[in-house]
Amino acid sequence: MIEFADHLFRLTTCDTSYWFRVSKFGHLEHIHYGPRLELQSAEGLALKRIAQIGSSITYNPSDPNYCLDQIPLEWSGIGRGDYRHAPLEAKMPDGTFTSDFLYQGHRILPGFLPMEQLPSAYGEEAECQTLEITLLDASNQALLLLYYTVFEQDNVITRRAVLKNQSDHSLTIRRIMSMMVDLPNRDFQFLTLDGGWIRESHLHSRPIHYGLYINSSTTGSSSNRHNPGLLLAEKGAQDDHGWVYGFNLVYSGNHYGAVELSSHDLLRVQLGVNPHCFEWELHQGDSFETPEAIMTFSSQGFNGLSHNFHDFINNHIVRGEWKNKERPVLINSWEAYFFQFNQRKLLKLAKAAKKLGVELFVLDDGWFGARNSDHVGLGDYSVNRKKLPSGLGGLAKRIKKIGLDFGLWFEPEMVNPDSVLYRRHPDYAVRTPGKEAVLGRNQLVLDLCNPQVRDYIVSSVGEILDEVDISYVKWDMNRHIADAYSPQLSNQGEFHHRYILGLYDILARIFRPRPHILLESCSSGGNRFDLGMLCYSPQIWVSDNTDPIERLKIQGGLSHLYPLSTQGCHVSEAPHQQTLRNTPLSTRFNVSAFGCLGYELDLKYLTPMEKKEIRGQIEFYKAQRSLFQYGRFFRHRAIKPNKVHWQVLSRDGRRGIAGFFQTLSSASEGYDRLPLTAVDPHARYSLSTRPQRLFLQRFGGLLKHIMPWTLHPEGFILRNANRFYALTDCVESYEAYGDALMVGVKLNNQFVGSHYNPQIRLLGDYGSSLYLFETIS
């Protein structure tokens with residue numbers, strides 16, 4: 001809901017209020033963002049200006065206390081006395097960098113306003129409302145439009161800006177943010193998702209002191225180094241309580257987020273396109289639209305904030321046929337074969353996967369050109385007939401006959417120097433004139449600023465999608481951008497942004513006419529996990545690291561900003577290629593189940609008992625798929641440092657699953673408590689462990705302690721026994737009211753080194769369990 005009266009704008013969602021007013025000089029003064037407020041005067045919340053602070057600049061002599069540097073603002077300029085970092089740095093038509101945008105008027109509109117070239121959130125007129133505010137720098141005839149769209153049910157407000165040059169002199173943008181707001185300091189912590197390849201999205205927190213803190217990417221994409229989203233949490237905030245603010249950007253390119261604490265305790269937050277190597281010239285009549293920024297607030301801690309983000313993304317970012325639709329269980333060929341496959345191997349893998357309950361077969365890299373390694377073939381789309389004698393169409397028909405849908409991997413944004421495309425069109429690759437091109441993973445980036453390149457990609461990929469029965473595409477992008485130059489551009493400061501505009505153009509042209517295809521975006525794992533890609537790709541590959549202990553940090557970090565329905569999570573072989581860690585099959589599944597489940601291993605090496613275990617995993621996942629992908633997700637604060645606790649809950653609170661994960665075991669450990677939350681305190685529930693197998697090989701020579709005779713742990717008998725026999729881990733069952741469950745169920749003892757019986761939980765290093773609970777009718 002958006003209201004305006006007495007110069008005050010009130011933007012209201014179910015649980016939040018966002019207030020700002022037009023000051024007497026025409027600036028937009030921020031008043032409040034936080035819990036929902038009753039209709040009342042804003043004076044009690046407004047920052048008081050009763051004395052001028054030393055070294056300040058007076059904006060207007062009629063009011064010596066009106067100093068922009070000390071006012072909480074919605075947008076600020078340069079050269080008028082505000083010395084905090086400004087959201088706009090531009091060489092204005094008058095040749096200076098001074099800007100001062102003042103209120104001219106506003107419109108309140110139903111629904112959302114689509115953007116011209118960029119993706120944005122969307123909604124029906126009954127779901128959202130938009131405020132358009134017009135600001136003007138009169139001396140430069142520069143018009144600034146600020147857009148606020150309120151998604152009431154999701155507690156989200158989006159913001160963006162459009163700058164228009166109405167002067168007959170050019171205006172050059174060096175920096176323009178999507179949003180800016182000044183908040184009163186609450187002893188905030190600054191939280192970001194940081195990392196790198198195979199260690200993406202680790203949550204980092206640092207206290208905010210006076211000065212500037214930046215979260216950004218300069219790699220050409222949103223990057224695995226720093227996700228575009230950021231959080232601000234008051235000191236002491238936890239998963240279940242405390243004030244927390246969240247900000248994110250609907251953008252897949254170089255991003256910039258900053259928080260700056262002023263000397264008088266105002267915290268400026270900004271998000272937008274990274275000004276690094278950015279320059280954009282506006283001639284008379286030209287305009288520039290920024291990506292859309294997302295803001296949300298919760299007084300119920302990090303979980304409350306995550307629920308806002310999750311609902312908003314599922315309802316207003318993801319679109320098309322796969323919106324709120326359950327994702328299939330897939331098997332991917334990559335870790336089974338890498339490049340070394342043929343049609344016989346693939347069909348054998350598909351048949352084995354079908355027997356286990358898999359629904360979708362995905363052929364990964366290596367199906368085209370001379371692609372037998374990562375040195376050759378990218379950019380070409382001719383099928384390798386040595387590997388696939390019946391072509392993609394023939395393979396897809398055979399896969400469909402087995403009873404699986406067929407999916408295919410592409411990396412359309414890249415080219416190998418050793419490829420037919422590069423030999424014919426070296427000008428299609430991004431490179432700096434006069435310099436030797438630098439390679440990443442033996443490949444170059446294609447110039448998406450070039451419309452001929454975009455047409456080539458759209459035509460090549462589209463032709464395959466129309467000729468082959470494909471229901472899923474994995475779209476990869478395996479290197480950062482360097483040598484940022486396009487001969488298509490007279491101003492190379494536009495390159496990075498125009499590259500992303502070109503990418504969005506390609507994705508829209510390929511997939512909007514083919515809405516039945518499930519697109520999963522990938523970029524060396526989670527190198528481009530952002531809201532911009534989610535506007536086209538309903539799910540994204542989280543990381544090339546499939547070690548579940550690492551995934552606890554990666555998926556757990558992402559869950560602060562992104563719902564489980566967007567996260568691609570696979571069970572792979574152990575020891576893991578990325579860490580050499582040997583984790584139980586049960587834990588690999590238990591972690592991957594909190595997302596879009598897949599498998600990525602050569603099934604022929606599994607024992608009959610392991611196949612039986614996987615068949616049970618998939619059966620369980622399918623039965624609970626709606627919970628795992630769309631249930632309300634909670635993280636619980638772990639009392640012990642070697643534990644991680646997750647929970648998903650149905651929207652009516654009658655059914656849920658809790659995940660109990662142990663990273664490293666400790667000797668003779670004390671009791672464990674299973675934390676649960678948000679269930680109905682007056683309803684009676686049953687709670688039980690999902691049964692899972694313990695494979696004999698894990699216990700080695702320790703088996704002699706529970707057997708009447710001694711056998712060689714690596715001998716013939718135990719090796720074969722491990723293939724056909726396994727222990728069942730402890731299964732616990734309880735009945736209790738919801739109020740008791742929320743106190744925390746005390747679980748059976750773990751193994752403490754002195755005794756074994758079937759009631760002892762045998763977790764050890766990297767062990768875990770899932771617990772299903774539901775109301776009793």
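Helices here are DSSP runs of H or I with at least four residues, numbered from the N terminus, and their axes are lines fitted to C-alpha atoms over the stretch in contact, with angles running from 0 to 180 degrees between N-to-C directions. What you have open is a predicted model, where local features need pLDDT of at least 70, side-chain atom pairs count only at pLDDT 80 or more, and totals for chains, interfaces and linings use all residues. Residues are numbered from 1 along each chain as its sequence is written, and side-chain values use heavy atoms, with hydrogens and water left out.

**Stop one: a helix pair.** Select residues 343–356 (helix 3) and 391–402 (helix 4): their axes lie 10 Å apart at an angle of about 20°. That makes the two helices roughly parallel (angles under 35 degrees). The crossing of helix 3 past helix 4 is right-handed, meaning the near helix is turned clockwise from the far one by less than a right angle.

Now show side chains. On helix 3, pick Gln343, Leu346, Leu347, Ala350, Lys351 and Lys354; they meet Leu395, Arg398, Ile399 and Ile402 of helix 4 (contact: heavy atoms within 4.5 Å). By type, the residues of this contact are 6 nonpolar, 1 polar and 3 charged.

**Stop two: the cysteines.** How many disulfides does the structure hold? The count is 0, a disulfide being a pair of cysteine sulfur atoms within 2.5 Å. Click on Cys449: the closest cysteine sulfur, in Cys277, is 14 Å from its own, too far for a bond. Cys569 is in no disulfide either, with the nearest cysteine sulfur, that of Cys596, 6.8 Å away.

Buried or exposed, what is Cys569? Buried, at a relative accessible area of 0% (buried is under 20%, using a 1.4 Å probe and protein chains only). Cys449 is buried too, at 9%.

Notes
Buried < 20%, exposed > 50% of the residue type's maximum accessible area, 1.4 Å probe, protein only. Parallel < 35°, antiparallel > 145°, perpendicular 65-115°, else oblique. Nonpolar A, V, L, I, M, F, W, Y, C, P; charged D, E, K, R; others polar.
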